[in-house]
Amino acid sequence: MEYGILSGLFLLCCVLATHNELAMAEEGLCSSAFNYRDALGKAILFFEGQRSGNLPANQRVKWRGDSALSDGKAENVNLIGGYYDAGDNVKFVWPMAFTVSLLSWTAIEYKKEISSVNQLGYLRTAIRWGTNFILKAHSSPTMLYTQVGDGNSDHQCWERPEDMETSRTLYKITSKSPGTEAAAEAAAALSAASIVFKGIDSNYSRSLLSQSRTLFEFADKYRGSYQASCPFYCSYSGYQDELLWAAAWLYKASGESRYLSYVSSNQGWSQAVSEFSWDNKFVGAQTLLAKEFYGGKKDLTKFKSDAESFICAVMPGSSSVQIRATSGGLMFVRENSNLQYVTSSSMVLFVYSKILNEAHINGVQCGSVHFSAFQIRNFAKSQVDYILGNNPMKMSYMMGFGSKYPMQLHHRGSSIPSIKVHPAKVGCNDGMSNYFSSSKPNPNTHVGAIVGGPDSNDHFNDVRSDYSHVEPTTYMNAAFVGSVAALLAESKEECLQLPQINRTADMANSL
């Protein structure tokens, strides 16, 4: 009798221990207080608020209106459309193309998941809005318009894009004045997008791929670092990362061996890095090519090794960690718009963990520390959750998500009453004095916008003038779309169903 009781108690303890382990495993990747489906939809919606040009009848962001309808006219070229870069009214093609590359990568990697929550159509529309503009900007084989609007005059003015009166100066690269980074990124964007549209609009897909090939040839043949958008977007990493990134996408899109040969023969360019950004694409290319390595192309070993060096550089607890985390658990790379690096790094970590799982590889070795695909993915998830509200400030860094989020977004259109509500023109000076300097919340909530984020102490000051922390950018949102899409299978609703744990609990209850 006593033995039986002891045996039962021992069995109960074992069962409860198993239950706890399972619960912890579930909690790591499933349990969440956040609705990732809602976050994805809002992150994609953001791009409609950034649109330039003629807005379509099905425009969902109603506080915006048509704008910049004469862009390109000074040189008799149609440069209407595209996206405003951030909280300003300038169109920078280099980061805009990176935005399109990230959105396209997301649509490729998580097509099924995004489709299951009815967001794939919206995502494709966001991609096409960008690619349509890049096609226009590539006006001849050796010419690409890289910027519309003067950054200096624009940044001294606070007005809605619908009222814009600042100079719409045009900047371009040519064979005589090259800018390899911008041309190669445009090539990457178009080739990645060609995969997205391959099965649904074959003519458009072929056009994108054709233009991508031409842009890559232009970028590679006429090499020169792009500096025309300084001081706003200066190249610090050089152009070799963009050439590898573009060639990797062209190989993925076309299957042509010449692009594989290009990256293989230029492996010496590849560098171990600790960031993924509009300037530095090395780990993006490395991740794409690591997948090819695990698929059997063993001559691409350096790309795989460098990609894993990135993981070792950002994972907490790694013996070679380079990026430190705040006390609240947020990756912290730079003070200026830090969440751009958080979202882009998280996107890479999610994709790489997926590559490891598909290749049946048990993880990445960082010196004496080993990280499983589960651990890599779980850290990336923690960054998404931090952005959505699991942070010391107990607030969401996405506009319109959750019950507490920034109210003074550094964004011209959002901070001035809509032209549909206040049709009278708001000039530069009036905008500055009446709206930029106001302590009131923005009249238009730019739903889905991710802000620059908190400082290194996890503190966030919601003041419109603090552009380093309160301004959104297209590429920051694009990387967040790529990160949160990876979590769609772990929606709050699905997390309520834990059959394995429940069965274990039932066993414990029956003892």
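Modeller: Gladly, and keep in mind that this is a predicted model. Helix H14 (residues 373–388) gives the most to the lining of the second largest pocket, namely six residues.

Biologist: What makes a residue part of the lining of the second largest pocket?

Modeller: A lining residue has an atom within 4 Å of a point of the pocket. Ten residues line the second largest pocket, and Asn378, Lys381, Ser382, Asp385 and Asn390 are the ones nearest its centre. The volume of this pocket is about 190 Å³.

Biologist: How do the residues of that lining divide by class?

Modeller: The lining has seven polar residues, two charged and one nonpolar. Asp and Lys count as charged, and both Lys381 and Asp385 are among the residues nearest the centre.

Biologist: What is the volume of the largest pocket, and which residues are closest to its centre?

Modeller: The largest pocket holds about 750 Å³ of space. Its lining has 28 residues, with Phe232, Tyr233, Asn336, Tyr467 and Glu471 closest to the centre. Helix H13 (339–358) and helix H16 (428–436) each supply at least two residues of this lining. By class, the lining of the largest pocket has 14 nonpolar, seven polar and seven charged residues.

Biologist: Why is Gln267 called buried?

Modeller: Buried means under 20% relative accessible area. Gln267 has 12%, so Gln267 is buried. This residue sits in the loop between helix H10 (257–265) and helix H11 (282–294). Leaving aside residues up to four places away in sequence, Gln267 touches Asp299, Leu300, Thr301, Lys302 and Phe303.

Biologist: How do you know that E1 and E2 pair?

Modeller: Two strands pair if there are at least two bridges between them. E1 and strand E2 (residues 143–148) have two bridges, in the antiparallel sense, so the pair meets the cut-off. Lys91 stands opposite Val148 in E2. Helix H5 (residues 120–137) packs on the sheet and touches E1 and E2, and its direction makes about 120° with that of E2.

Biologist: And what is the order of the strands in the sheet?

Modeller: The order is E1-E2-E3, in an open sheet of three strands with antiparallel pairing. Strand E1 (91–92) and strand E3 (170–174) are the edge strands, each pairing on one side only.

Biologist: What holds paired strands together in general?

Modeller: Strands of a sheet pair through backbone hydrogen bonds, either parallel or antiparallel.

Terms used
Residues are numbered from 1 along each chain as its sequence is written. This is a predicted model: local features need pLDDT of at least 70, side-chain atom pairs count only at pLDDT 80 or more; totals for chains, interfaces and linings use all residues. Side-chain values use heavy atoms; hydrogens and water are left out. Helices (H or I, at least four residues) and strands (E, at least two) are DSSP runs, numbered from the N terminus. Contact means heavy atoms within 4.5 Å. Axes are lines fitted to C-alpha atoms, for helices over the stretch in contact, and angles run from 0 to 180 degrees between N-to-C directions. On a 1 Å grid over the protein atoms alone, a cavity is a set of points where a 1.4 Å probe fits but cannot get out, and a pocket is an open set with protein on both sides within 12 Å along at least five of seven lines; lining residues have an atom within 4 Å of a point. Grid points are joined across faces, edges and corners, and a volume is the space filled by probe spheres set on the points. Buried means under 20% relative accessible area, exposed over 50%, partly exposed in between (1.4 Å probe, protein chains only).
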